[in-house]
Amino acid sequence: MGTKNKKIIIIGCGDAGISTAVTLLRMSKDAEITIIEREKYFYPRCPLPFVIGGEIVGTKKIIKKIEDMFSGTDIKIIHDTVLSINPEENTLRTKNQVLEYDYLVMATGASSHVPPIKGSNLSGCYTLRTIEDTKKIIKRIIDSESAIVIGGGAIGLEVASAFKNHNLDVTVIEIMDYIMGTSFDPGFSNIIEEYLTGNGIKILKGAKVNEITERQDRKGEVGGVIVDRKFIPADLVVFSTGIRANSELAEDAKIKVSPHGIVINERLQTSIPNIYACGDCIEIKEILTGKKVQSGYGTQADREGHIAGINIAGGKGIFEGTLNSVVTKAMDLEVGRTGLTQKEAKEAGYETVVGVVKTKTKPDYYPGTKDFWMHLIFDVKSERLLGAQIAGGEDVVGYVNLASMALQKGNTLEDTLSFKYSYAPPICSAPSPFVSAAENAYKKLNRLRKIKKAKEKKLDVKTKK
Ligand SMILES: Cc1cc2nc3c(=O)[nH]c(=O)nc-3n(C[C@H](O)[C@H](O)[C@H](O)COP(=O)(O)OP(=O)(O)OC[C@H]3O[C@@H](n4cnc5c(N)ncnc54)[C@H](O)[C@@H]3O)c2cc1C
């Protein structure tokens, strides 16, 4: 079915909704496109921790009026909240009206999740998802000396370093045994932890928050946190404890939903063929293992929105899934990963070998050189690259993206060893850490094979006896 004179409604004007709209504008010129967004403005969420940290001054630079973004186009913007969808009649109801559609795109995003902890509603406790959250946190910093961040994932660490910029006494509380536990293996997480603690951020791991407590002298205000029955004072608490897909509208409309979000096929169609979904509200597939996960990154939301747009316009767009590529910056340390961690690989049944390198971003003699770490995870059987974990003072994103492409192409240890890189002292070190890490994995793999062979030989001699 073409889209000539068709009515397409997009719910939500975040990264996913915008990407869908922009693709449709290009590919489906005759369609009647409407975006329904309950907020007045568009803003990306990724810079919010850096607005709090002061690297970006004020919120004005990141906020855009949605009408301005689509000026000169026929896209209709409605500022309203969608309350329900009726897939049988192809209609939806907002607070103010009922609208008909031929195609519907659900790009409703996600909301911050706060675990049920006593006192989490006290004044001075926040989550970070919106501009309003950002403004409230910035205001609170002025009268604060200490802050606690609950959750040591990427955003939690970005927030912790933002607080450190304001010279607050910062503690990160992480329930897992190591920080960034969903992105890194313990050995790599230690590098990040050592750097952060060395720069004054306190980290409590394997620690459970029992309660947020009220100040004695100011009713209703946060005074601290009880962690494993010990009290830590704090003027400000931020929950960075995950997100939940905004999938209630879909669920109420009997569209298939899982605990990760709205269920879609590889063309981004929901269980109702003329209703598509993209962004943080959907469940996607991890490419290497087929495991179902929530889509929680802006990079994915943008790609998914694009694919949904292509398919509605009559094209053939396929969303293959995610490699969980992520980069972040905590204080002056850049960190990133792609593919599987060693733990994830083992859970998926792989035997792994990890190539490890610690080097510098430039030759030792060159001024301003910084530390750099890379772990490359390979499958012992096929020698295929499975994942990469990278940290350093600079250059991390380039290597994460290089490894991500290598994963996408199914590159092996041999491909990595023969990687043809460039070099100049003011820019990088040589040999490339990508090759050095692969060489380390190659040595380990040979050792492992020798040990295995020796064991087999021993067994053979025993059985012959
Ligand atoms: C602090 C922070 C830092 C981040 N940093 C990074 C990063 O560095 N890199 C990265 O890749 N990702 C990052 N992310 C994740 C990234 O921001 C999200 O993946 C991305 O915003 C998802 O886009 P979306 O369009 O799916 O959802 P959203 O941005 O949540 O947009 C959904 C929109 O739908 C609207 N909506 C919902 N329901 C309705 C309704 N019923 N009616 C009308 N409108 C509705 C909402 O108001 C919202 O504007 C970060 C997220 C946060 C919170």
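**A guided reading of the predicted model**

Methionine 331 sits in the loop that joins strand E25 (326–330) to strand E26 (333–339). Helices (H or I, at least four residues) and strands (E, at least two) are DSSP runs, numbered from the N terminus. Residue numbers start from 1 along each chain, following the sequence as written. The structure is a predicted model, in which local features need pLDDT of at least 70 and side-chain atom pairs count only at pLDDT 80 or more, while totals for chains, interfaces and linings use all residues.

The phi of methionine 331 is near 55°, a positive value in a residue other than glycine. Most residues other than glycine have a negative phi, and most peptide bonds are trans. Methionine 331 is partly exposed, because 18 other C-beta atoms lie within 10 Å. In this scheme a residue is buried if 20 or more other C-beta atoms lie within 10 Å of its own, exposed if 12 or fewer, and partly exposed in between, with C-beta atoms placed from the backbone.

Lysine 254 also has a positive phi without being glycine, here near 65°. Its place is in the loop between helix H7 (248–252) and strand E20 (257–258). With 12 other C-beta atoms within 10 Å, lysine 254 is exposed. A further backbone feature is the cis peptide bond from alanine 430 to proline 431, whose omega is near 0°. Proline 431 belongs to the loop between H11 and H12.

The overall plan may now be considered. The chain is assigned domain 1 (7–111 + 245–312), domain 2 (125–239) and domain 3 (332–453), with bounds that come from an automatic or database domain assignment. Taken over C-alpha atoms, the centres of domain 1 and domain 3 are 36 Å apart.

Where does the ligand lie? Domain 1 and domain 2 both contribute residues to the shell around the ligand, so the ligand lies between them. The surrounding residues number 33, and Gly12, Gly14, Arg45, Gly109 and Gly279 are the closest; a residue is near a molecule or strand if its C-beta atom, placed from the backbone, lies within 6 Å of it. Helix H1 (15–27), strand E2 (32–37), helix H2 (48–53) and helix H8 (298–312) are the elements that give two or more residues to this shell. By class, the shell has 15 nonpolar, eleven polar and seven charged residues. Here Ala, Val, Leu, Ile, Met, Phe, Trp, Tyr, Cys and Pro count as nonpolar, Asp, Glu, Lys and Arg as charged, and the others, Gly among them, as polar.

Twelve of its 15 residues are buried, so H8 is largely enclosed by the rest of the structure. These buried residues pack against strand E1 (7–11), H1, strand E9 (103–106), strand E22 (275–277) and strand E23 (282–285), where two residues are in contact if their C-beta atoms, placed from the backbone, lie within 7 Å. After H8 comes glycine 314, with a positive phi near 100°. Leucine 268, in the loop between strand E21 (261–263) and E22, is buried, as 29 other C-beta atoms lie within 10 Å. Apart from neighbours within four places in sequence, leucine 268 contacts residues including Glu304, Ile307, Ala308 and Asn311.

Helix H4 (residues 131–142) has another arrangement to examine. Its twelve residues reach 17 Å from first C-alpha to last, close to the 16 Å expected at 1.5 Å a residue; the expected span is 1.5 Å times one less than the number of residues. Which residues of H4 are buried? They are Thr134, Ile137 and Ile141. Seen down the axis of H4, the buried residues fall within an arc of 70°, so they line one face of the helix; the arc is that of the directions from the helix axis to the C-beta atoms. An α-helix has 3.6 residues a turn, so residues three or four places apart point the same way. The buried residues of H4 pack against H2, strand E11 (125–127) and strand E18 (236–239), whereas Glu132, Lys139 and Ile142 are exposed on the other side.

Finally, helix H12 (residues 433–464) has 32 residues and reaches 46 Å from its first C-alpha to its last, close to the 46 Å expected. Pro433, Phe434, Ala437, Ala438 and Ala441 are its buried residues. Their cover includes strand E27 (352–360), strand E28 (371–379), helix H10 (396–408) and helix H11 (413–417).
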